[in-house]
Amino acid sequence: MKKLFFILTLSALFISCAPDKPLENQEGTSGTNNKNPVAANANPTKGIGEVKNVTLNTPLEQERIGRGKAIYEMKCQACHKLNDQRVVGPGWAGVTKRREPEWIMNMITNVDIMLDQDPEARKLLELCLMRMPNQNVSVGDARDVLEYMRQNDGEK
Amino acid sequence: MNIDRFLFGIAGVILAFSFAGCKPQAPESAAIGDAASRVYVAPGKYDEFYNIVSGGFNGQLSVYGIPSGRLIKILPVFSVFPENGYGYSEETKPMLNTSHGFVPWDDLHHVAISTTKGEHDGRWVFANGNNTPRVARVSLRSFRTEEILEIPNSGGNHSSPFITENTEYVIAGTRFSIPMNNEDVAISSFKENFKGSISFIKVDPQSGHMSIAFQLRTPGFNFDLSRAGKGPSHGWFFFSTYNTEQAYTLLEVNASQKDKDFIMAVNWKKAEEYIAQGKGKIERSKYAHNIYSEKTHSASSTILDEVKVLDITEFPEIVYFIPCPKSPHGTDVDPTGEYIVGSGKLAATMPVFSFTKMQNAIANKEFEGDFAGIPVIKYESVLHGEVQKPGLGPLHTEFDEKGNAYTSMFVSSEIVKWNLKTLEILDRIPTYYSIGHLSVMGGPTSKPHGKYMVAYNKITKDRYLPTGPELAQSAQLYDISGDKMRLLLDFPTVGEPHYAEAFPAALIQANSVKFYKIEENEHPYAAKGEGQTKVERKGNQVHVWMTAIRSHLTPDNIEGVNVGDDVYFHVTNLEQDWDVPHGFAIKGANNAEILIMPGETQTLKWKATTSGVIPYYCTDFCSALHQEMSGYIRISPAGSRTPLKFSTGVIEGENTGAGN
């Protein structure tokens, strides 16, 4: 109970500090009361967002890796290194072992909601003290990035 | 009834009349009733209308919300804007190029919102530069100036940028007549050598790109304002003229000799026919055409050197003159296209002309004579009627959706509401003070929205807290939904607004550009990702491909630059979200800062003038670690051989800083 209280207080703090979102993004955020259906129903391992199930193929899809690498270099590399070094955001080494693929793709494509509501994402925000920017990556592009991460983690 | 109260009341009425009679009312005369709630837009809510307002001598446009009167944006058009680098960044400098070279200022007088079938379509704003004659096109998606076209053979572009019903043409009519082709002649040879010119600028319906289709060469007098016909009068354009006396000195007196000047009616479809027949002659004249590309995030400037000219004295049936009392200013066409209101700024009556009558008069040749061979139609033959004693100094007329007209009266500081058909005066209301233009929501279109009207006043005096000799410009919002006009709000404006147009916010709200896609950035110096950042030397030029993302600049350590080098910081903002611009400033820059929108690349040129280590930083508060978003460039003495190197996040030795 104490722990729950702590989390709620923390949520309240974050919500009150964050600037108001435009109306279109407000669906699902429900203030500080404990009847937050989105957060309560969120799958802690898959994250929050439109990505529900990802099929991973072996061997890796080489076309996706090429596209994913290009997106990484344009939109992600400024903050995420490929090793385990944290710069602005965490290094990517091992990310596909720590996280469900759905969680990774939801984090990329639905970052504002994830940072506001997903407990795992919020832990990272506390750690990095920098909100991950929404880089407007489509779900299809996020899937390509995921494939590139898998390769980075040594999958074949 | 209590007699004291009655007497007091009478005294009050007398007092009110005496005040109204001899000087404008005191500032405390306020709005009444529920005015406050009518203009209150609650926090987080939006205004109902966009009001696009000219900035006059600031060379900018400003955007206000109506009914709140809140200033939402200032956007530079003809003037440099150090706040965001417009006219200072390498990419935007060409926008202000002209045949006279770089001209960093102009006097932006009027706006015209693009229309389709006579109604606002919310695509572009056109604006005129009055001083060094230019017309600009501004996007209502990005709220940026996308194109500027210089106008050749013009002595000041005042009668502009009025547009035809479907934005076929934007007009640029010369304010001052001048000798054509930069001819060196005596000023006293005005009647012989000075000519007027009216440019018809074709607008590409898809891209909006402007080009001068043809120029009408006219007798030498001054063109003031103009309006296109609508509906039945589509195909015609009406210009107010003054100085038909052709005076060239003390115009105040010498251009006010005649009882009547002219409204010049132009049949531009007829002019198009002549052009299609290959008529007209090509004249040589240099003028600049500047276009900004959203793909390369850069402007290009091209100098053009010819224009097609039709002399109206040589081609019949293009132009007819309508006599109009005393130096007309406004020539405004009502929503139906039938009535043309002439506002003789020194006249006691206001003539309203009928398009139908004009057509009949032309067909029946009801002319009273000619001017330089051009028929002058009999005044009575074109006249629908005169508004009697409308007020002093009528300037401009706008219209509502109910057949009413609203005319601004500069000298008597009031707005007069009258009926277009009966010409009867319905109401009058004071303005504070000396109103110039006025703007009804959708007022110049074929379907006005009415509801609100804004007065743009020329004199401010006591309306706001005093701020020294120069005061805020005063605008006033009126409710025109009922029979009587009601003052709702005073709000200050920037520059000196000459004209404004307003349209419902819903027309464009959803179209706003939020960011530029980094994938589509075709800037030659874009770094689309940190992997593409680099520094290259070309002679004494050093080019830096830099990226910005919350919250670091890459590279943030640069060495190997010498005193005397020109450093070009090409900064690409890697963000891909709305409302995350980054800025870039460096100590000692002789120009300005640059603001870089998400996905965009902009370049600041900086000359290294002293050796040392110079900081640079992000100027737009972007994140909790914005204060950390900075870098150093090391400048070595001229001729040094310090190796060129650049990095971000590289710690060279244990004792050099950062880390443990």
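Okay, housekeeping. Residues count from 1 along each chain as its sequence is written, with chains lettered from A and ligands numbered from 1 in the order in which they are written. And this is a predicted model, so local features need pLDDT of at least 70 and side-chain atom pairs count only at pLDDT 80 or more, while totals for chains, interfaces and linings use all residues.

Let's start with chain A and helix H8, residues 139-152. Helices here are DSSP runs of H or I with at least four residues, strands are runs of E with at least two, and both are numbered from the N terminus. The rule for a helix's span is 1.5 Å times one less than its number of residues. For the 14 residues of H8 that gives 20 Å, and the end C-alpha atoms are 20 Å apart, which agrees.

So where does H8(A) sit? It's largely enclosed by the rest of the structure, because 11 of its 14 residues are buried. Buried means 20 or more other C-beta atoms within 10 Å of the residue's own; exposed is 12 or fewer, partly exposed is in between, and C-beta atoms are placed from the backbone. Among the buried ones are A:Asp141, A:Arg143, A:Leu146 and A:Tyr148. The cover includes helices H3 (62-76), H4 (95-98) and H5 (101-109) of chain A. Just past H8(A), A:Gly154 takes a positive phi of about 90°.

Now, the contact between the chains. Chain B puts in 20 residues and chain A 14, with contact meaning C-beta atoms, placed from the backbone, within 7 Å.

On to chain B itself, which has 7 helices and 46 strands. Its C-alpha atoms fill a box of roughly 90 × 80 × 40 Å along the principal axes. Of its 660 residues, 50% count as buried. Of its contacts with a separation of 6 or more, 61% come from residues 24 or more positions apart.

Last stop is strand E40, residues 566-573 of chain B: 6 of its 8 residues are buried, so E40(B) is largely enclosed by the rest of the structure. Which strands pair with E40(B)? Two strands pair if DSSP finds at least two bridges between them. E37(B), residues 541-549, pairs with E40(B) in the parallel sense over 8 bridges, and B:Ala548 has B:Asn573 as its bridge partner. E43(B), residues 601-607, pairs with E40(B) in the antiparallel sense over 7 bridges, with B:Lys605 as the bridge partner of B:Tyr568.

Technical notes. Contact = placed C-beta atoms within 7 Å.
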